[in-house]
Amino acid sequence: MMRFLVIRFLRGLLTLFLVLSFAFLILRSTGDPAMLIMSADAPPEALEAFRKGWGLDAPLWQQYVGYFKNLAQGNFGYSMRDKSPAMDLVLERIPATLSLALPAFALKLMMGISAGVYAALHRNTWIDRFLISLSIAGYTMPSFVLGLMLVLVFAVGLGWLPSGGDATWQHAILPVITLSLGGAAVLARFTRSAMLEVMGQSYIRTASAKGLVWRRVVLHHAMPNAAIPTLTVIGFMVGSLIAGAVVVESVFSWPGVGRLLVTSVANRDLAVVQSLLLLVATTMVSANLMVDILYGWIDPRVRSGQAGQGKKA
Amino acid sequence: MTPLLQVQELRKHFQVSVPEGWRQRKANLRAVDGISFDLHAGQTLGLVGESGCGKTTTARLVLGLTEATHGQVLFNGQPVAAKRDATWRAQRQNMQMVYQNPLGALDRRLNVISQVQEPLLIHGLGDALSRTEQAQDLMVSMGLPKPLWHRYPHELSGGQRQRVVLARALILKPSLLVCDEPVSALDVSIQAQVINLLQDVQERMGVAYLFISHDLKVVRQVSDQVAVMYLGHIVEQAPPQQLFSEPLHPYSQALVSSVPSLWQRSNPKRHILQGDPPSPLSLQSGCVFQNRCPHAQAICREVPPRLTPLTSERQVACHLVSEQAVLPDAPLESLA
Amino acid sequence: MTELTIHQPHQSSPPVLVSLRGLTVSFGSGASRVQVLHGLDLDVHVGESLGLVGESGCGKSVTWLAALGLLGANAQVQGEFRLAGERFDGLSDKALSLIRGRRIAMIFQDPASALNPVHRIGQQLLEAVSLHKGLKGEAARAQAVRLLDQVHIPNARQRFDAYPHELSGGMNQRVMIAMALAGEPDLLIADEPTTALDATIQAQILDLLSEVRRDQGMAMVLISHDLSVIAQECSRVMVMYAGRAAETAATDNLFRTAKHPYTQGLLSCVPDVASPQKRLTAIPGQVPEAGRLPKGCSFEPRCAQSMAQCSGLVPMLSSVEPDHQVACFLATP
């Protein structure tokens, strides 16, 4: 198990490295930060000076090595717009994003899991079919379409809720709902199939035959087993807590990490983009690592290694 | 007469990683650990044993589907190739295999008559017309009439599927058929049909069978000789009548007495074996059966017994069984 | 061949513990509805061991899953079921859960998959003990260990914390039996308990079931496709075919004087270690599919002794001698 985790950890580091390298190369091969940050009709000498000042005229490999060297020393670079430390800019936006992402995550779990379990337990009834259709609609619809529709109905049409900005807690309602629906739909689907698979197993029949009430069979015997595959999906959701809100934040003009990503990519504000990606990749990799650990905790077969020598008599 | 199949000191060891606490240990899994037997043309050798005894690995070794760690398999005096080269492919015409799960052994997307013909096609035998004719004739003789020829495997019953698998194996007229649990997945009444069919085929075509099963009743029915395997070793080999009426090895005794009979009830001299079979990973000197043997002596813990002939037909691998002596706990009374 | 005594029915046979009348089970709805059991009548007496034998599709497992309400929403179950005289058909799941495990317990095939892989076996056993005996804490644990000892699991205390995948098939089946015994049921249904196990382990488990039955005075229904296993353990046998009862009698009677052609066919097509080797007399054809039963007797297409009326009417189970019933026009014209 330990060996397994160490390998996963190293793989995580490799992933980070590859993500950053990829971003680095792509960002520098397209678009010109100088022209994007200073206005397009600035004099060429000013643009040159800008590029020189930010080291953009050096050969690519040199910039690449320089970047990672700085990274190793904890220097994440500076924003080209206002010269403040890139990572600080990113970090100060996190609370705003989390104030959407965390409630949305909680909602996703609650709605998704309960819908999925309920649908599985009432398979092929009208309510199961209804929930499935709902979930298909939920995860196929792009979030901006959903967001705009909600704005149209509740902000413009009914006037109950504000349509943008982050002034009050009411401003958070629509974005949180938009953010949670897609994930809830996916989770519902996964939970449903995991539950259906588990409910068909022999040990569920044993538990019923033992005389346990249905509620206990479902909660105590079925759900822990259904949690195992569902955990992967949940892990992915945790991993995308920070970055998943990009579209929603844009639709609702919410000043979070997502918005920052959009604007800094548009401006090719290199250091900021890379700091953002570093953060996102780290979150994703850690979430996956946690899922691996959790697997071992929930499923004892994983703990004893796959060659658990399930000695058949 | 040279036996059709000669297996000599055959061993197959696998390297496995065994989890041990946090780390993993490399261990040697001795699936087959020094077995020897002969099979003559047109005869049936039954191989019985419980899970993990190595019978399926033996089947694979005999067919050259896996390479032996030690020892050899001779077919018609020639060593069986284990590498997938031209020699190996040519040998396929003489030896075939029948499996436990007929649905899994058939292609879901081809109708059954195409599958029966396919071996002829692969080996380039005959033209399209003669292939079809051969397949048709064979299928009819196997109890698969015309209406079934163009069906797909999932449209047939379990018994019918197994006949298709058999036909496919026999169309090349092999001299050896390795049957790995061929009837275990079938209903009892269908088992009887397939067993009878196998016996008819043997009479007609002179095919030799290596019949592997955990079901002793079936093995007794079809075999000319039975070899009992335990943890990679053959512990006893004898004709079925002798083995079942007077098993000599303590394991055979336990095995034979564990089979319930319709007509003879609650045998008071049953030898109930305690505990579970040990893992084929554990290394220990001496006899593999020592942990569960009610008669284990000091010598059993040190020296592994060799399979020694007692009569022209019987062999036993046990220190405590010699020409005339029998073990303290007398085995089952002689049955009819 | 040793002489067998024909079972003489006692003057007063023990009272009926469980009776099933007119048990009918169908799956699915509308066009895809398939009936798998066609009005089965069955009695289990107090303390007796009844064998239920038949091939695939005969409905032997479905019978008891239906009676205990374990078939799920897709199944339609009808019939009158009585336990010690009181009806238990049509009860709510909650009410049925009071019977399951406590009055009627059931163990299944393939013990490895019949135990929850993420819970320790001790836990699963404790669950049954607490539920049925109302014990908690140390008292419950002690009782659980006692049950493990009763089923001869060595080192019961250490094994308590093992997971199912860490134990062998034989061990797991013993755990299942221990769980079934926790509620001290009046009836134990053993559904192919040894089919997935090796021969020597099979013998151990069957022995254990006999021992446990004698000690507890329980009745047992042993479901199997293996006639010789049934012969070994049961005093009475019911042979089922395609969702109906074909014949039922005391074991010795059945084997000595089987009247139903299917039973006769089964007896001559199974190789037996105690009989001389001879060619098996196979039953031609195959078991009909549940949704496509022939009109009249389900066995008629395969029956060498069928008569004109067999393809038109379904024979009912009727007595040919005391304690021996057959569903066949040949036997009971």
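Glu9(B) is partly exposed, at a relative accessible area of 26%; buried means under 20% relative accessible area, exposed means over 50%, and partly exposed is in between (1.4 Å probe, protein chains only). This is a predicted model, in which local features need pLDDT of at least 70 and side-chain atom pairs count only at pLDDT 80 or more, while totals for chains, interfaces and linings use all residues. For bookkeeping, residues are numbered from 1 along each chain as its sequence is written, chains are lettered from A and ligands numbered from 1 in the order in which they are written, and side-chain values use heavy atoms, leaving out hydrogens and water.

- Glu9(B) isn't a glycine, yet has a positive phi of about 45 degrees. Its place is in strand β1 (residues 5–20) of chain B; helices (H or I, at least four residues) and strands (E, at least two) are DSSP runs, numbered from the N terminus.
- Asn124(A), also not a glycine, has a positive phi of about 65 degrees. Look for Asn124(A) in the loop between α5 (86–121) and α6 (126–140) of chain A, where Asn124(A) is partly exposed with a relative accessible area of 47%.
- As background, most residues other than glycine have a negative phi.

**Where chain C meets chain B**

- Chain C puts 45 residues into the contact and chain B puts in 44, where contact means heavy atoms within 4.5 Å.
- Chains C and B bury about 4,200 Å² between them, with 52% of that on carbon and sulfur atoms. Buried area here is the accessible area (1.4 Å probe) that two parts lose on being put together, summed over both.
- Gln232(C), Val273(C) and Gln277(C) supply 18% of the area that chain C buries against chain B, more than any other three residues.
- There are two salt bridges between chain C and chain B; a salt bridge is a side-chain nitrogen of Lys or Arg within 4 Å of a carboxyl oxygen of Asp or Glu. Arg279(C) forms a salt bridge with Asp200(B), with the closest N and O atoms 3.0 Å apart.
- Polar contacts between chain C and chain B come to 20 residue pairs (both at pLDDT 80 or more). A polar contact is a pair of N or O atoms within 3.5 Å; within protein, one must be able to donate a hydrogen and the other to accept it, and residues adjacent in sequence count only if both atoms are side-chain atoms.
- On the side of chain C that touches chain B, the elements giving two or more residues are α8 (199–216), α9 (227–233), α10 (251–256) and α11 (261–269) of chain C. Of these, α8(C) gives the most, with six residues.
- That side of chain C divides into 23 nonpolar, 13 polar and nine charged residues. Ala, Val, Leu, Ile, Met, Phe, Trp, Tyr, Cys and Pro count as nonpolar, Asp, Glu, Lys and Arg as charged, and the others, Gly among them, as polar.
- Asp226(C) sits in the loop between β8 (219–224) and α9 of chain C and is buried, at a relative accessible area of 14%. Leaving aside neighbours within four places in sequence, Asp226(C) is in contact with Lys217(B), Val53(C) and Gln202(C).

**Nonpolar cores**

- The largest nonpolar core has 172 residues, and Val18(C), Trp64(C) and Leu187(C) have the most contacts inside it. Such a core is a set of buried Ala, Val, Leu, Ile, Met, Phe, Trp, Tyr and Cys residues joined through side-chain atoms within 4.5 Å.
- Not counting residues up to four places away in sequence, the residues that Leu187(C) touches include Leu17(C), Val18(C), Val44(C), Trp64(C) and Met220(C).

**Salt bridges elsewhere**

- The whole structure has 25 salt bridges over all chains.
- Glu127(C) and Arg216(A) pair up at 2.7 Å, N to O. This pair crosses between chains, from helix α4 (residues 121–133) of chain C to helix α10 (residues 214–239) of chain A. Glu127(C) is buried at 8% relative accessible area, while Arg216(A) is partly exposed at 36%.
- Glu67(B) bridges to Lys83(B), with the closest N and O atoms 3.4 Å apart. Glu67(B) lies in the loop between α1 (55–63) and β4 (70–75) and Lys83(B) in the loop between β5 (78–79) and α2 (86–91), so the pair ties together parts of chain B that are 16 residues apart in sequence.
- Back to Glu9(B): a network of salt bridges links Glu9(B), Arg11(B), Arg30(B), Asp33(B) and Arg306(B).
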